[in-house]
Amino acid sequence: MAIVTPPNHSVNVNTNVLGGSTLREILLVEDNAQLASTILDQLSKEGYAARWAADGLEALAMFRRAEPDLILLDWMLPKLSGLDVLKQIRTISPVPVLMLTARTDETDRVVGLELGADDYVAKPFGMRELLARIRALFRRLEHVQQIVAGDRLGVFQTVEYQGRLRLEPDGYEAYLDSERLDLTRTEFDLLVLLASNPGRAFSRDYLIEVVWGETRVTGDRSVDNAMSRLRRKLGDLGEAIEAVWGVGYRLRREL
């Protein structure tokens, strides 16, 4: 049965709690009311909480009021295109975005992915495929959240690197060639994360989320500045902190 949509084109579906935990919330941005009703009905049956925006401007307003766990974003929208919505969202949030597109040209789809979409489904699509892609994105999100939680938890044992650097997380003490380093807590946390994972590249947004504890950023200079300070304090060993073009930073693998 189709959902009756109120005049403001937004609807809350199935916002109760299952199993004692809050439902995953999905923002559907779609100007076709009939298609939107069908998708919302299916999302409700699957146990998701859902909201609907019928144009790009309304989508941004709804997103800012209550950031959802996932966005289903139509490409062609009135007032503001789906790509423009995606661009603005990506300046403040890494929320998963699944594009709904009637475009068949591969170049168009690639553009969406390069601008930050996590996946896309081409219209017309079957509901089973759409729901499978949503579940896959949530599985990926849960995996990333587990990694973030582990990194935030950190390590509580001594971390050593290249036989020269020793980090004592319990006491927030760092030693280079047996000489104590004067590090801020942010610098220390960054160094522990890097030294505990030599060779692993971390994005600036990820470092902001794990070390600074923020999920919304307007720029990456705080990370770059902190890395520059770390490099200076580490002297020649600072060269082991490598910038990864288009990603962020990593600590060179031990030789």
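Me: Helices (H or I, at least four residues) and strands (E, at least two) are DSSP runs, numbered from the N terminus; how many helices and strands are there in the protein chain?

Reply: This is a predicted model, in which local features need pLDDT of at least 70 and side-chain atom pairs count only at pLDDT 80 or more, while totals for chains, interfaces and linings use all residues. Residues are numbered from 1 along each chain as its sequence is written, and side-chain values use heavy atoms, with hydrogens and water left out. The protein chain has eight helices and 14 strands.

Me: What percentage of the residues in the protein chain is buried?

Reply: Buried means under 20% relative accessible area, exposed over 50% and partly exposed in between, with a 1.4 Å probe and protein chains only. Of the 255 residues in the protein chain, the buried share is 42%.

Me: Are α7 and α8 roughly parallel or roughly perpendicular to each other?

Reply: Helix α7, residues 204-212, packs against helix α8, residues 221-233, with the axes 9 Å apart and at an angle of about 80°. Axes are lines fitted to C-alpha atoms, for helices over the stretch in contact, and angles run from 0 to 180 degrees between N-to-C directions. Angles under 35 degrees count as roughly parallel, over 145 as roughly antiparallel, 65 to 115 as roughly perpendicular and the rest as oblique, and α7 and α8 are therefore roughly perpendicular.

Me: Which residues of α8 make the contact with α7?

Reply: Contact means heavy atoms within 4.5 Å. From α7, the contact is made by Arg204, Leu207, Ile208 and Trp212. On the side of α8, the residues are Ser222, Val223, Asp224, Ala226 and Met227.

Me: In what order do the three strands of the open sheet stand?

Reply: Two strands pair if DSSP finds at least two bridges between them. Strand β12, residues 202-203, is joined to strand β14, residues 248-251, by two bridges, while four bridges join β14 to strand β13, residues 241-244. β12 and β13 stand at the edges with a single partner strand each, so one side of each is left without a neighbour in the sheet. The pairing is antiparallel, and the order is β12-β14-β13.

Me: What does Arg135 count as at 34% relative accessibility?

Reply: Arg135 has its place in helix α5, residues 127-153. Not counting residues up to four places away in sequence, Arg135 touches Glu46 and Tyr48. At 34% relative accessibility, Arg135 counts as partly exposed.
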